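Please look over the sequence and the structure shown here before reading on.

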Amino acid sequence: MTPTQATNAGGETSGKTPLLYDPKVRGILYQIGVLAMVGLLSWYLMSNTLANLERQNIATGLGFLEKQSSFEIGESLISYSAADTYFKALLVGALNTLLVSFIGIVLTVVLGTFIGIARLSTNWLVSRMAAVYIEVFQDIPILLQLFFWYAFFYEILPGPRQALNPFNGVFICNRGLIFGIPAAHPAFMYMGIAFVAAIAAVWALKRWARARQARTGQAFPTFKVGVGILIGLPIVTWWLGGAPTAMDVPALKGFNFRGGVSVSPEFTALLLGLVLYTAAFVAEVVRAGIQSVSRGQTEAALSIGLRAGQVLNLVILPQALRVIVPPLTSQMLNLTKNSSLAVAIGYPDFVSVAGTTINQTGQAIEGVGLIMAVYLIFSLSTSAFMNWYNKKIKLVER
Amino acid sequence: MNAAPTDLQPTETLKPPAASVGVLGWLRTNLFSTWYNSLLTLAVIYLLWVSIPPFVRWAFVDSFWTASGKECLEADTGACWSIIPNNIRFIMFGFYPYAEQWRPGLAVVLLVGLLVFSQFRRNWKKSLLYYWLAGLVIMGILMKGGLGLAPVESTKWGGLPLTLLLSVFGLTAAYPLGIVLALGRQSRLPAIRSLCVVYIELIRGVPLISLLFMSSVVFPLFLPEGVTVNKILRAQVAIILFTAAYIAEVVRGGLQGMARGQYEAAESLGLNYYQTMRLIILPQALKIVIPPSVSILISAFKDTSLVVIIALYDLLKTTQAVLGNPEWMGFSAEAYIFIALVYFVCCYYLSSFSRKIERELDTGY
């Protein structure tokens, strides 16, 4: 299709486009071509794969999920033993991934916001320290950081007998992080129920306050009262439930600690690495978001008589969040995806369990497919939720 | 305005109060402006005071620079930096034959030289492309052998050259693919558009490690019987496929940043799709996306460390291998700090380059 041909064709037909030069027909031809190429390639790969699988006597399909896994998993949220099925083993892995991602995301957002604000502080020292933190932690690969923290636990920290004891009831040693919790008591369950009830009450209060403000123009101190309800209701329940103060404090018995909650070095190292690494990125996101709201907005808000808290709540945050939320979402997803590096330091996350499964069954395609599917589900559901939230806080343009 | 009265004496120039200029003034405005800032400053100084001196003592005062691992272990007072000089050749070059290690060394120097050369905008000409092509070919010959150099199997490649090759080749090869994907995603043809969207979103939704697993365990199944592709190349393909999806999104940002008028102007000149893209849109769009592309290079550089998990001997894995040696066991902190420094210097250099180029390219419209 050289230019000369094109002009000839255009000249001869004068007005009527030949079939091959009709953009619509061409578009369809291109699409058919590309689809045919993709189809051929996948057919080729499929046939190779099937031949290879047959030759190596590897079963196909997801039948292996029903079989007995016969390997132990170090940490599990649900009861699991080697006699359980592969399906249950993978479920344990997926729950571990969810656990570390969820706690990691919460801590990252808190730490990242804190550092991002520190970066903008008028205090030179604080702002410099935040800048150094951001630069250092962003520029070192996450895997290296994980290895470092893992080595930190196993090589640098002392054994249980010489465990570090930074606070009363908290021990750090090469067996991980061990801390005391309040001893079991029925009052704590009631406190949980009270907390849920408090959340519902605050939600109702907020609706009522908004309706009242729309009707009468009178503002209601929703925030203060809300915090009061959220904290007060569980405390009152605790007091009514007999005010249990007994603590389950870890104590050294023999070579290890008994009692309290102990978090494994693998989990702690993974969490530490993920949070410190991602927080550096979140800090930059938060800084950019706050800086995106111009100084005039604050001044205008103050000049119409809003108080400092109202300025932040009604003027700055709604605008900053709009800038912050989309990149924050992708950082949360990055953290979830990076949690798959757990396999390198021996924390039984989904990838690690799936890797063991692949080794035992030889069903690599199904295994890798499952890994991809599970992460896709995590990613898609997180981004669906964040998109919903983003839409909620989006600027309503008139 | 009236003329100034003439009988006024020039007033004495008052100096600003001593507390608002000089060192004192700086301290006041930057560290002790309010009571809580003062408190914050003191808290940070306290934190630095309890953390920095012990670290300095460990790292510099009580440290060992030439002792053997055993001597370090016996003394057990400070950092044992001698793990680095004693193993530097292995950490840097892995299992590459000892006598031939000048070759990967030279390849790294060449690559760094090319990167430094390309950072100056006055060198951004067509000749730069040829320099790169020539450089990559020479690097390939240096690494692999040929032309009188003894051949070295790629299974023996390792250390820093491997890390650099995986990331630089990864980005170079992923870029064209990323552009094609970005154009495909913007295409008006539904089949092509949805293929590209599915590819990009699928890859961006899964961790790199799952692709690396795929390259190490699934990919061999895809090939016909008897055909094998070596491990490094397979990992390289995984990195390219992964990076391309991210580049596609960056390029799409650039394409969307183009004003509609640019497309219309090109169409009204009678340019077809390829001409429009090649002559009008891409040159402008790609210029906008240079800074985010450097960020992708930085993350690709950091992400290559993940090949550790499929047992390729990159910089991180060679370091771990040294730490597995009984003589040097237990000095992880020293070794990892050294490697972290290598990564930090590279990434910091790249990110400050990206900031510089962003300022230069910012033409204000």
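**Strands, helices and domains**

In chain A, strand S1 (residues 170–173) runs antiparallel to strand S2 (residues 176–179), and four bridges join the two. The model is a predicted one, in which local features need pLDDT of at least 70 and side-chain atom pairs count only at pLDDT 80 or more, while totals for chains, interfaces and linings use all residues. Residues are numbered from 1 along each chain as its sequence is written, and chains are lettered from A and ligands numbered from 1 in the order in which they are written.

Strand pairing in chain A
- Helices (H or I, at least four residues) and strands (E, at least two) are DSSP runs numbered from the N terminus, and two strands pair if DSSP finds at least two bridges between them.
- S1(A) and S2(A) form a hairpin with two residues between them, and within this pairing Val170(A) stands opposite Phe179(A) of S2(A).
- S2(A) also pairs in the antiparallel sense with strand S7 (residues 261–263) of chain A, over three bridges, and there Phe179(A) has Val261(A) in S7(A) as its bridge partner.

Helix packing in chain A
- The axes of helix H3 (residues 86–119) and helix H8 (residues 265–292) of chain A come within 7 Å and cross at roughly 40 degrees (axes are lines fitted to C-alpha atoms, for helices over the stretch in contact, and angles run from 0 to 180 degrees between N-to-C directions).
- H3(A) is therefore oblique to H8(A) (angles under 35 degrees count as roughly parallel, over 145 as roughly antiparallel, 65 to 115 as roughly perpendicular and the rest as oblique).

Domains of chain B
- The domain assignment, which is automatic or from a database, gives chain B domain 1 (36–96 + 316–365), domain 2 (98–151) and domain 3 (167–312).
- The centres of domain 2 and domain 3 of chain B, taken over C-alpha atoms, are separated by 24 Å.
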